[in-house]
Amino acid sequence: SEGVEMHFAVNHLGHFYLTKLLTPTLCRSAPSRVVVVASEMHRIAPLSGCSGRIDFDRDIPMPRSRYWPLLAYIQSKLCNLLFVQELQRRLQDRNVLCLAVHPGMTSTSLTRHSWAMKAAYSLFWPFTKSVEQAAATVVYSALHSAITSDTLY
């Protein structure tokens with residue numbers, strides 16, 4: 001009803017807005033962290049018709065004529081990465097660590113509405129993580145002291 005594509009709203013705008021509201025508290029309680037759930041799917045952006053860059057005049061909101069749910073998901077996750085990079089740049093001097101974490105391919109019902117995605121996903125199913133395993137990756141990133149701004153995972 002707001003005219004915003006659902007993947008973009010849930011996967012990106014929700015993270016963005018919550019972080020905006022919490023930023024003063026994060027800075028006051030530093031050292032602190034922002035952990036955004038990312039996806040390796042952003043890597044296939046160029047293969048899916050997305051340049052790997054977001055053209056906010058052309059891509060957001062995604063025109064109905066170009067709408068494809070997978071592309072919308074990919075773009076929302078690419079926005080997450082761009083957001084985390086910029087947030088880290090802005091908050092690095094305030095002792096707030098900003099991370100984007102890919103929890104791994106996870107066994108969820110995300111593909112339930114697309115037979116093509118179900119078929120593709122079935123090939124990778126043996127290699128997926130449980131929801132608990134994926135959550136552990138995110139929690140580790142949020143809490144483990146070994147992860148610093150100089151650490152690349």
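A residue counts as exposed when its relative accessible area is over 50%, and as buried when that area is under 20%; partly exposed lies in between. These cut-offs apply throughout this tour of a predicted model.

Start with the overall layout. The protein chain has 4 helices and 2 strands. Read from the N terminus, the elements run α-β-α-β-α-α. The chain holds 153 residues, and buried residues make up 34% of them. Among contacts between residues at least 6 apart, 67% join residues at least 24 apart.

H1 covers residues 6-28, which is 23 residues. From first C-alpha to last, H1 reaches 33 Å, close to the 33 Å expected at 1.5 Å a residue. H1 still has a bend in it. The bend is about 50° and sits at Leu22. A proline, Pro24, follows within four residues.

One set of H1 residues is buried: Phe8, Asn11, His12, Thr19, Thr23, Leu26 and Cys27. What do the buried residues of H1 pack against? Their partners are strand S1 (32-37), helix H2 (69-91) and strand S2 (96-101).

Thr19 belongs to helix H1. Its relative accessibility is 8%, so Thr19 counts as buried. Setting aside residues up to four places away in sequence, Thr19 touches Val34, Phe83 and Leu87. Thr19 and Val34 are 15 residues apart along the chain, yet their C-alpha atoms are separated by 7.6 Å.

Leaving out neighbours within four places in sequence, Leu87 is in contact with Thr19, Val34 and Cys98.

Now to the nonpolar core. In soluble globular proteins, nonpolar side chains tend to be buried together. Here the largest nonpolar core has 10 residues. Its members are Leu26, Cys27, Val34, Val36, Phe83, Val84, Leu87, Leu91, Val96 and Cys98. H1, S1, H2 and S2 each supply at least two residues of this core. Which element gives the most? H2 does, with 4 residues.

Two members of this core are cysteines, Cys27 and Cys98. Are the sulfurs of Cys27 and Cys98 close enough or too far for a bond? They are too far, because 8.8 Å separates the sulfur of Cys27 from that of Cys98, the closest cysteine sulfur. A disulfide needs the two sulfur atoms within 2.5 Å. Searching the whole structure finds 0 disulfides.

Charged pairs come next. Side chains of opposite charge can pair when their charged atoms come close. A search of the whole structure finds 2 salt bridges. One links Arg89 to Glu86, with the closest N and O atoms 2.5 Å apart. The other links Glu86 to Arg90, where the closest N and O atoms are 2.7 Å apart.

Why can these pairs form along one helix? An α-helix has 3.6 residues a turn, so residues three or four places apart point the same way. Arg89 and Glu86 are 3 residues apart in helix H2, so about one helical turn separates them. Glu86 and Arg90 also both lie in H2, 4 residues apart, again about one turn of the helix. Shared partners join Glu86, Arg89 and Arg90 into one network of salt bridges. Glu86 is partly exposed, with a relative accessible area of 29%. Arg90 is exposed, with a relative accessible area of 57%.

Finally, look at the backbone in two loops. Most residues other than glycine have a negative phi, and most peptide bonds are trans. Pro31 lies in the loop between H1 and S1. The peptide bond from Ala30 to Pro31 is cis, with omega near 5°. Asn95 is found in the loop between H2 and S2. Is the phi of Asn95 positive or negative? Asn95 has a positive phi of about 65°, although it is not a glycine. Asn95 counts as partly exposed, because its relative accessibility is 45%.

Key:
Residues are numbered from 1 along each chain as its sequence is written. This is a predicted model: local features need pLDDT of at least 70, side-chain atom pairs count only at pLDDT 80 or more; totals for chains, interfaces and linings use all residues. Side-chain values use heavy atoms; hydrogens and water are left out. The expected span of a helix is 1.5 Å times one less than its number of residues. The bend at a residue is the angle between axes fitted to the seven residues ending there and the seven starting there. Buried means under 20% relative accessible area, exposed over 50%, partly exposed in between (1.4 Å probe, protein chains only). Contact means heavy atoms within 4.5 Å. A salt bridge is a side-chain nitrogen of Lys or Arg within 4 Å of a carboxyl oxygen of Asp or Glu. A nonpolar core is a set of buried Ala, Val, Leu, Ile, Met, Phe, Trp, Tyr and Cys residues joined through side-chain atoms within 4.5 Å.
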